[in-house]
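Open the model in your viewer and keep the sequence panel beside it. This tour tells you what to select at each stop and what is there.

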Amino acid sequence: MTSNSITGVVGMNHDILIPQAPSVMESHEKSIDLAPASLSIANDKSTSFEAFFDKYHLEIKNPADLDFLQENISEYTHQKDWGKLKINRQLHYIRLAGLERLINAERMKKIIKEHHLELISVVEYSMFKLEDRVFIACPAISDKNIDSPYPIMLPKNVLQQIVELVKLTCYSDFFGYNLVQDKSTDKWIFVDLEDVSFYDVVSQDRNLSFPLVKDILKMCQKTFQESSYYRPNKEADDWLEMECEKYKDLDITTQRLHKNSDYDEEFDLEIIKQSKTEFNLV
């Protein structure tokens, strides 16, 4: 493997709800605030986390939501993957492995913006503190295609941007409802962003930081061909076949997003990630 790296550039009802970007930066009117003015942080690592928490802090404005959270706190600390609750009258998901999801979402947002991938987006997360624990939550949205026959046919222009993101991040978690089209924006949203979402399922090597682009592309092609939820249309499928052919003899590598700190501008996200235990983050 060479050291080259890629430089350029995816049980229902009518109200199924999928995590999507919260409006966490709304005006801060008088409200119930679960976070103290300070998290009482003393060292350099903690100071970074305090600023990080302040940026992503979700205010809980409805007293009933606070009561519900306090009464049901144990439910959200024992779920295998997530719990559901309403915050400020909007359904949210409490996400375990939430800190890594938030960090990966921040990195992906920067990549999407830098490479002008205007047809796709990612979920965003917010944080709140309850009692002695910090939780990470994301709101829910409706999938535009919920009433459509499956699999949904992805058009070429959408697939091209998805594949570009795959090349840059090694995203491989195209299963279930991990890719949905937001009814309010028409953008295709990447949902699950925990670290394991960026493994190369072709090599099955979870410690490999720099997979080959040709392997990532073949993985992407195989996953879409076998998906029950979304599949490239004929034009998109032909394009992807040509893209795989273009890279098949090239030993060009790319980097897994959860091992890539190149996009960590405002915070040292690796240090933030190490703070998880210190701050009792669920």
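This is a predicted model: local features need pLDDT of at least 70, side-chain atom pairs count only at pLDDT 80 or more; totals for chains, interfaces and linings use all residues.

Residues are numbered from 1 along each chain as its sequence is written, and side-chain values use heavy atoms, with hydrogens and water left out.

**Whole chain**

Show the chain as a cartoon. The protein chain has eight helices and 10 strands. Helices (H or I, at least four residues) and strands (E, at least two) are DSSP runs, numbered from the N terminus. Of the 282 residues in the protein chain, 51% are buried. Buried means under 20% relative accessible area, exposed means over 50%, and partly exposed lies in between (1.4 Å probe, protein chains only).

The next stops are pairs of helices. Two packed helices are described by the angle between their axes and the distance between the axes. Axes are lines fitted to C-alpha atoms, for helices over the stretch in contact, and angles run from 0 to 180 degrees between N-to-C directions.

Select helix H5 (residues 156-169) and helix H7 (residues 234-247). Their axes come within 9 Å and cross at roughly 30°. H5 and H7 are therefore roughly parallel to each other. Angles under 35 degrees count as roughly parallel, over 145 as roughly antiparallel, 65 to 115 as roughly perpendicular and the rest as oblique. H5 passes H7 in a right-handed crossing. A crossing is left-handed if the near helix is turned anticlockwise from the far one by less than a right angle, and right-handed if clockwise.

Now show side chains. From H5, Lys 156, Leu 159, Gln 160, Val 163 and Lys 167 meet Glu 235, Ala 236, Trp 239, Leu 240, Glu 243 and Tyr 247 of H7. The residues in this contact of H5 with H7 divide into six nonpolar, one polar and four charged. Contact means heavy atoms within 4.5 Å. Ala, Val, Leu, Ile, Met, Phe, Trp, Tyr, Cys and Pro count as nonpolar, Asp, Glu, Lys and Arg as charged, and the others, Gly among them, as polar.

The crossing of H5 and H6 is right-handed. On the H5 side the contact includes Ile 162 and Val 166, and on the H6 side it includes Ile 216, Met 219 and Phe 224. The residues of the contact of H5 with H6 divide into 10 nonpolar, no polar and one charged.

H4 passes H5 in a right-handed crossing. Met 108, Ile 111 and Ile 112 in H4 meet Leu 165, Leu 168 and Thr 169 in H5. By class, the contact of H4 with H5 has five nonpolar, one polar and no charged residues.

**Loops**

Select His 116, in the loop between H4 and strand S4 (120-122). His 116 has a positive phi of about 55° although it is not a glycine. Is His 116 buried or exposed? His 116 is exposed, with a relative accessible area of 62%.

Go to Pro 151, in the loop between strand S6 (133-142) and strand S7 (152-154). The peptide bond from Tyr 150 to Pro 151 is cis, with omega near 0°.

Asp 186 lies in the loop between strand S8 (179-181) and strand S9 (188-190). Asp 186 has a positive phi of about 70° although it is not a glycine, and is partly exposed at 38% relative accessible area.

**Last stop**

Select Leu 269, in helix H8 (residues 269-274). Leu 269 is buried, with a relative accessible area of 5%. Leaving aside its neighbours within four places in sequence, Leu 269 is in contact with Phe 52, Ile 103, Arg 107 and Asp 264.
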